[in-house]
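Good morning, colleagues. I would ask you to look at the model on the screen while I go through its contacts.

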Amino acid sequence: MNTIKIMGTDDTPTVILDSENEIFEISGRSLPEDVTAFYEPIIRWLEEYSSSPNAKTIFTFKLVYFNTASSKLLLDILMKLEQMHEDGKDMLIRWYYPEDDEDMQEAGEEYADIVDVPFEQVSYTLN
Amino acid sequence: MDKKNVRGFLEFVYDFYKSMKAHEITLVYEGEITHQITKAFTSLTESNMAKEEESNTVQKKVFHVMVECLQNISKHADSFGSDDFLFAGRGIFMVSKGDVEYHVTTGNVIENAKIEELSRILDHINVLDKEGLKQLYKTQMREGRLSEKGGAGLGFIDIARKTGRRLDYHFLSIDEETSFFILTSTISRTE
């Protein structure tokens, strides 16, 4: 299946969805002008991927900032992953947060509460 | 401009300058709030805060609050049926910085018919504690729908959570149809 590679900007995240190389990642800053238009291809890609996913999918979120409109779309993505998990697929979410960023850590905890899918929190140091 | 008008204008500019100084306003804008404006203002404020070595936590809070306030105006300032109405997506946006806190103030015209609903939403947020706000955010994220303009109904809740304070808002009556809605968010510089 095709690969999505979007380079991040100061208001849109980097997105890599590459099933062949097993890279599934959203990172950076997310406050796109039109959130729905930005995330729509990503959701569509996941829908297609869910019909024949890899043996194991590790999905990485490494965001430093997202606005409230993006938070809703991120949940939509997580719910797609949850659905695959419910269908018996091996899924893992890795939620990275800067070690001094309690809000980003808490955002991860909140998502982990909402969706029923294996969820790992990983802190890292910003340089 | 004749001499008298020039003098009047100069006095206006000087008074405006003094007034901004007195209120410690670092940024003020009136007009349409676009995505480009949002990006420009947040990056300007970010670089100013970085220069002044504001803590990361405070910088992030101010950034969050600015983005949500600006998006509130761009999505909700009223257009009164006609798309090109003077007030659509427009408003005033101000940032002020004192010794102990930042204030982000927005003002925009809204239809009187919407005041009751808006007050209900804001008052509901204002009675909730930290845990209550968290639950409301989660519920709204799960159950809320994105509006046509991309609003998720989460902005006010996020502002209350990030600032840890009540939403300070007022309506100033303009005429029978409209009012001016003013919201001030305060971010402490010491926490």
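Arg29(A) has a relative accessible area of 23%, and is therefore partly exposed. Please keep in mind that we are looking at a predicted model. The partner of Arg29(A) is Glu46(B), and the two form a salt bridge in which the closest N and O atoms are 3.2 Å apart. Which elements hold the two residues? Glu46(B) belongs to helix H2 of chain B and Arg29(A) to strand S3 (residues 23-30) of chain A, so this pair joins two chains. Glu46(B) is also partly exposed, at a relative accessible area of 24%.

Let me turn to the contact between the chains as a whole. Chain B contributes 25 residues and chain A contributes 25 residues. About 2,300 Å² is buried between chain B and chain A, with 54% of that area given by carbon and sulfur atoms. How many salt bridges are counted between chain B and chain A? The count is 7, and over all chains it comes to 20. One salt bridge brings together the side chains of Arg161(B) and Glu110(A), at 2.5 Å from N to O.

As for polar contacts, 11 residue pairs are counted between chain B and chain A, with both residues at pLDDT 80 or more. On the side of chain B that touches chain A, the elements giving two or more residues are helix H2 (35-51), helix H3 (56-76), helix H5 (130-143) and helix H6 (155-163). H3(B) supplies the largest share of that side, with 7 residues.

Of its 9 residues, 8 are buried, so H6(B) is largely enclosed by the rest of the structure. Among the buried residues of H6(B) are Phe156(B), Ile157(B) and Ile159(B). What do the buried residues of H6(B) pack against? In chain A, they pack against helix H2 (68-86) and helix H3 (102-114); in chain B, against H3, helix H4 (115-126), H5 and S5. After H6(B) comes Gly164(B), with a positive phi near 70°.

That brings us to S5(B). Strand S4 (residues 168-173) of chain B and S5(B) run antiparallel and are joined by 6 bridges. These two strands, S4(B) and S5(B), form a hairpin with 4 residues between them. Within the pairing, His170(B) has Ile182(B) in S5(B) as its bridge partner.

Strand S5 of chain B covers residues 178-188 and includes Ser188(B). Is Ser188(B) buried or exposed? Its relative accessible area is 10%, so Ser188(B) is buried. The side chain of Ser188(B) is in polar contact with that of Thr190(B), at 3.1 Å. Leaving aside residues up to four places away in sequence, Ser188(B) touches Val58(B), Val100(B), Glu101(B) and Arg165(B).

Finally, two salt bridges within chain B. Glu11(B) pairs with Arg7(B), the closest N and O atoms being 3.2 Å apart. Both residues are in helix H1 (residues 3-22) of chain B, and because they are 4 residues apart, about one helical turn separates them. Arg7(B) is exposed at 53% relative accessible area, whereas Glu11(B), at 39%, is partly exposed. The side chains of Glu111(B) and Lys114(B) also meet in a salt bridge, at 3.6 Å from N to O. Glu111(B) is partly exposed at 28%, and Lys114(B) is partly exposed at 39%.

Note on methods: Residues are numbered from 1 along each chain as its sequence is written. Chains are lettered from A and ligands numbered from 1 in the order in which they are written. Side-chain values use heavy atoms; hydrogens and water are left out. Contact means heavy atoms within 4.5 Å. Buried area is the accessible area (1.4 Å probe) that two parts lose on being put together, summed over both. A salt bridge is a side-chain nitrogen of Lys or Arg within 4 Å of a carboxyl oxygen of Asp or Glu. A polar contact is a pair of N or O atoms within 3.5 Å; within protein, one must be able to donate a hydrogen and the other to accept it, and residues adjacent in sequence count only if both atoms are side-chain atoms. Buried means under 20% relative accessible area, exposed over 50%, partly exposed in between (1.4 Å probe, protein chains only). Two strands pair if DSSP finds at least two bridges between them.
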